Amino acid sequence: MKVAIATFMLGLILTGCQSMKEKQVPLTESVSTLYEPSLKPFYHGVASGDPLADRVILWTRVTPEFQVSKIQVTWEVASDKNFTSVYKSDTLSTSPARDYTVKVDVDGLQPGQKYYYRFKALNATSPVGQTKTTPVTGLDSLKLGIVSCSNWEWGYFHAYDKLADRTDVDAVIHLGDYIYEYGQGRYGDTTIRKNLPAGEIVSLEDYRVRHSLYRLDKGLRRMNQQHPLIAIWDDHEVANNVYTTGAQNHQPDLEGDFAKRKASAIQAYYEWLPIRESDKHYRSFSYGSLADLIMLDERLEGRTKPAESMDDPLFQSEEQTMLGSEQVAWFENGLKNSKAVWKIIGNQVIFSEVELSPVYPKMPRNLDSWDGYPKEKERLVNFIRQEKIKDLIFVTGDTHASWAIEAATDVVKTYNSRTSAGAFAIELGTTSVSSANDNEYHSTDTVEMMERALQKVNPHIRYVNARDHGYLLLTLYPTRAKSEWYYMETLRQPETREYLGKRVEIKQGSVRLSE
C-alpha cells in the first residue's frame, strides 16, 4: 500500500513538473538572430555613464530564455579587473517593466579613479566593464571622444570600435541621434544591414527593439564597455526635426498622438542608456579647474516649431526659442560662474552663422540649427561678449560633417579672417558615425567643390569635411586644446582601419584656430 501511495505521489510530482515546464513561454525577440551566444544572457554588453566625482551609472540588460516577471541581478565594482577586492556590490531586480534593463547609480566612489564592474544573473557573469569618475583637482589633461549620428542601415559603427581601442580616453560625449526612427530602406542602404522593427518606430515596444538592435553592434558594445558615456539626445531618438510639440516626421493621422510617441521614445531612451533619469535632460559635469562640460537639450526642453522660411514672421519673433527661458538662464549662470579654464558646450545643432546658398540656393540658412532661432542666439552671443566669457568651445553634432569654425555672427560686417577679430568662441563639429553625408549622394570631387564654395562665403569656417565618417578627439591642456578628426576607410565591411584626417589647435585665451 505504501509503495502504491509513493508511486502515485511521484506521478503527481512528475506530472506537476511537466505541467510547469509546459507553462514556460519562450521570450521571442526579433533581434535574437543577431545575438552572440557566448555573451548569454548579457547579449547587449555593459555600459557606464554620467560620471561624477563620487558616482557613476552602471547599466546592462539581462535577456532570459523564457518570459519571467523578475530577475535577480548582482553588480560588483572593484579597483582591479580580476575583482580580487570588491569595492562595492549589491543585488537588485529587473523585469519586463524595464525591458529587462538594469541601471544602478553607484555612489561612494573616489574622484578621478578608474573602476571595473560586472553583473551576475541567471548563473552567468557579464563582460567586465571599466569606467572612470571625474577628478576634483590635479588634472593636467583631459581627452574626450566626441561622436554623433549613428544609423544602422548606413553601415557598421566603426568609430565606436576605434574609440574603444583608445586607452587614454576619459569619457565619450555623444551629441545625439544615437538611434534613427525610420523603417527599412527609408534612410539607409539595406544591402549592408536592415532595421528592426521593419517599420517606422512609434510605440514603446518599437523604440525598445530599435535600441536593442543598435546595442548589438560590436563597436557600440565595446565603446560602452571601455569608457563612460555622457549622452544628450537630438531629434532622431524621437523623430526627424523634433520640437516640444511635434516633429517634421510625425503625422498624427498616421502615427497617432505625438505626446504618447514622445513619452515612449523618452522611456526607452532612459531604459537603454547609462544616464540619470530626471525631468531635466540638460546637465553639467566638472573636470576640476581644467574644464566644465555643459550639455544642452536643444530638442525637447523648450524648442518651439521652427519657422518655415526666413520670410516667415516667426523667424524674427522673440517667442521663438531653442532652449526655453529656464534652460537659457541655467546656461548663462553656468557660463558666468565657471572657474574652469575651458567651457565645453555639448551642442546638438550648429551655433555659428553658416551661409548655405552657394550649395543649397533654396535653403540659404538651416532653420533647424541655431540660425533658425536668431533672437535667442543673439541674446546668448551678447551675454558671452558682455560677460567676457573666454575659452568657450562648442562641440556639435547633427550635420554628418566635420567643422572647425571661429564662431562669429555678422561675418560679412565684423569678422576679420586674417586676425580672427569678431569671433567670440570656437566651434568644433564631429562628423557622423555612419549616417549619410554628401559622399553618399555625390562624387568626392563634387563634395570637395561644395566644401570650397561654402568656405568662400564663410571665411570663419577654417575646415569642413562632408565626405568622411568617424569621430572627433578633443584633448584639453591648461594652455591649449587640440582637436583631431579620425575617419574610417569603409563602413560597408565588419572591420576597417582609421586614419587621421585633420588636426587643429587653440591657444588658451584665443579664438583663432591654427594647424
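The following legends describe close-up views of a predicted model.

**View 1. The largest nonpolar core and the elements that supply its residues.** This core has 53 residues, and those with the most contacts inside it are Leu163, Tyr214, Val238, Leu273 and Tyr471. At least two residues each come from helix 2 (158-165), helix 3 (204-214), helix 4 (218-226), strand 11 (229-231), helix 6 (258-272), strand 21 (470-476) and strand 22 (480-488), and helix 6 gives the most, with 6 residues. Apart from this core lies another, of 31 residues, which includes Ile344, Ile393, Val395 and Leu474.

**View 2. The surroundings of Leu163.** When neighbours within four places in sequence are left aside, Leu163 is in contact with Gly145, Val147, Val169, Val172, Met223, His227, Tyr471 and Leu473.

**View 3. Thr94 in strand 4.** Thr94, which belongs to the strand formed by residues 86-94, has a relative accessible area of 3% and is therefore buried. A polar atom of the Thr94 side chain lies 2.6 Å from the backbone oxygen of Thr101. With neighbours within four places in sequence set aside, the contacts of Thr94 are Ser69, Lys70, Ile71, Val73, Tyr100, Thr101 and Val102.

**View 4. Arg512 in the loop between strand 23 and strand 24.** Situated between strand 23 (498-507) and strand 24 (513-514), Arg512 counts as partly exposed because its relative accessibility is 32%. The side chains of Arg512 and Ser420 are joined by a polar contact of 2.6 Å, while the C-alpha atoms of Arg512 and Ser417, 95 residues apart along the chain, are separated by 9.3 Å. Not counting residues up to four places away in sequence, Arg512 touches Glu406, Ser417, Arg418, Thr419, Ser420, Ile426, Arg462, Glu505 and Ile506.

Methods: Residues are numbered from 1 along each chain as its sequence is written. This is a predicted model: local features need pLDDT of at least 70, side-chain atom pairs count only at pLDDT 80 or more; totals for chains, interfaces and linings use all residues. Side-chain values use heavy atoms; hydrogens and water are left out. A nonpolar core is a set of buried Ala, Val, Leu, Ile, Met, Phe, Trp, Tyr and Cys residues joined through side-chain atoms within 4.5 Å. Buried means under 20% relative accessible area, exposed over 50%, partly exposed in between (1.4 Å probe, protein chains only). Helices (H or I, at least four residues) and strands (E, at least two) are DSSP runs, numbered from the N terminus. Contact means heavy atoms within 4.5 Å. A polar contact is a pair of N or O atoms within 3.5 Å; within protein, one must be able to donate a hydrogen and the other to accept it, and residues adjacent in sequence count only if both atoms are side-chain atoms.
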